[in-house]
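Biologist: Hi! I've just opened this one for the first time. Could you walk me through it?

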Amino acid sequence: MTAVHTRPLRAGDWPVIEALFGPRGACGGCWCMWWRVPMGGRTWDAAKGEPNRAAFRRLVEGGEASGVLAFAGEAPVGWCAIGPRADFPRLDRSKALVRDWSAGTWSLNCLYVPASWRGQGVGRALVAGAVGLAREAGAKEIEAYPQAVAPGERQAAAFVWTGVPDLYEPHGFKRQGPPGRGRQLYLLKLR
């Protein structure tokens, strides 16, 4: 097994993102824009594909996107979006994720690991790298939104792009609501 290492996204990493995400933009034309596009429905449908690709490219190349990349050697094997919560306006439209937050709140909201690298610790490495990035940037707290499943239940990767609780709990993230299935709010206080 090849060792996996992570590092923060750089403005010159667009070719790395393209290689990792492939022609479909990681998941059906998302290009890591789901939480960045304020509205769903027709607005989201119109953004999928090339519009999202162009928008995310502008953010990356402009140094406005924040996240962590995972590598095995020189090959990119994973991505984690994390940044100030204000960068992700769609979070405010999710009733399950509404809470009071401040400028020091960061959001860890998307993980992408190609199928051939799943189950090899890439997700764990990405979450650890993301927590480190947020700490270094002075975040006061980090939100995460894992998809909770019943014991023994398996979910298709398309439903767990925000991760599962087992990725977050070892870092001290705490569930903020009652237990159950579905997307849940987890919080890590940093100071």
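Biologist: What should I know before we start?

Modeller: This is a predicted model, where local features need pLDDT of at least 70, side-chain atom pairs count only at pLDDT 80 or more, and totals for chains, interfaces and linings use all residues. Residues are numbered from 1 along each chain as its sequence is written, and side-chain values use heavy atoms, with hydrogens and water left out.

Biologist: Great. In what order do the strands of the open sheet come?

Modeller: The order is S1-S2-S3-S4-S5-S9-S7, an open sheet of seven strands with mixed pairing. Helices (H or I, at least four residues) and strands (E, at least two) are DSSP runs, numbered from the N terminus. Two strands pair if DSSP finds at least two bridges between them.

Biologist: How many bridges join S5 and S9?

Modeller: Strand S5 (residues 141–144) pairs with strand S9 (residues 186–189) over four bridges, in the antiparallel sense. Glu 143 has Leu 187 in S9 as its bridge partner. S7 (residues 174–175) also pairs with S9 in the antiparallel sense, over two bridges, and there Lys 174 stands opposite Leu 187.

Biologist: And what about S3 and S4?

Modeller: S3 (residues 75–84) and S4 (residues 105–112) are antiparallel too, with six bridges. One of the bridge partners is Trp 106 in S4, which pairs with Pro 84.

Biologist: Which strands does H4 touch?

Modeller: Helix H4 (residues 122–136) packs on the sheet and touches S1, S2, S3, S4, S5 and S9, with its direction at about 40° to that of S3. Helix H1 (residues 14–21) lies across S2 (67–72), S3 and S4, and runs at about 110° to S3. Contact here means heavy atoms within 4.5 Å. The axes are lines fitted to C-alpha atoms, for helices over the stretch in contact, and angles run from 0 to 180 degrees between N-to-C directions.

Biologist: Changing topic: how many aromatic pairs are there?

Modeller: A search of the whole structure gives 12 aromatic pairs. Trp 34 and Trp 35 make an edge-to-face pair, 6.4 Å centre to centre with 80° between the planes. Rings of Phe, Tyr and Trp (its six-membered ring) pair if their centres lie within 6.5 Å; planes under 30 degrees apart count as stacked, over 60 as edge-to-face and the rest as tilted.

Biologist: Why is the pair of Trp 35 and Trp 161 called tilted?

Modeller: Their planes are at 40°, with the ring centres 5.7 Å apart, so the pair is tilted. Trp 35 is in the loop between H1 and H2 (41–47) and Trp 161 in the loop between S6 (147–148) and H5 (165–168), so the pair ties together parts 126 residues apart in sequence.

Biologist: Is Trp 35 buried or exposed?

Modeller: Trp 35 is buried at 7% relative accessible area, while Trp 34 is partly exposed at 27%. Buried means under 20% relative accessible area, exposed over 50%, partly exposed in between (1.4 Å probe, protein chains only).

Biologist: Which ring does the charged end of Arg 90 sit over?

Modeller: That of Trp 34, at 3.4 Å from the ring centre. Arg 183 lies over the face of Trp 161, 5.0 Å from the centre of the ring. The rule is NZ of Lys or CZ of Arg within 6 Å of the ring centre and within 35 degrees of the ring normal.

Biologist: How many disulfides are there?

Modeller: For Cys 80, the nearest cysteine sulfur is that of Cys 110, 7.8 Å away. The sulfur of Cys 110 has its closest cysteine sulfur in Cys 32, at 4.3 Å, too far for a bond. Cys 80 is buried at 0% relative accessibility, and Cys 110 is buried at 11%.

Biologist: What is the phi of Cys 32?

Modeller: Cys 32 has a positive phi of about 55° although it is not a glycine. Trp 31 also has a positive phi, near 50°. Most residues other than glycine have a negative phi.

Definitions and conventions:
A disulfide is a pair of cysteine sulfur atoms within 2.5 Å.
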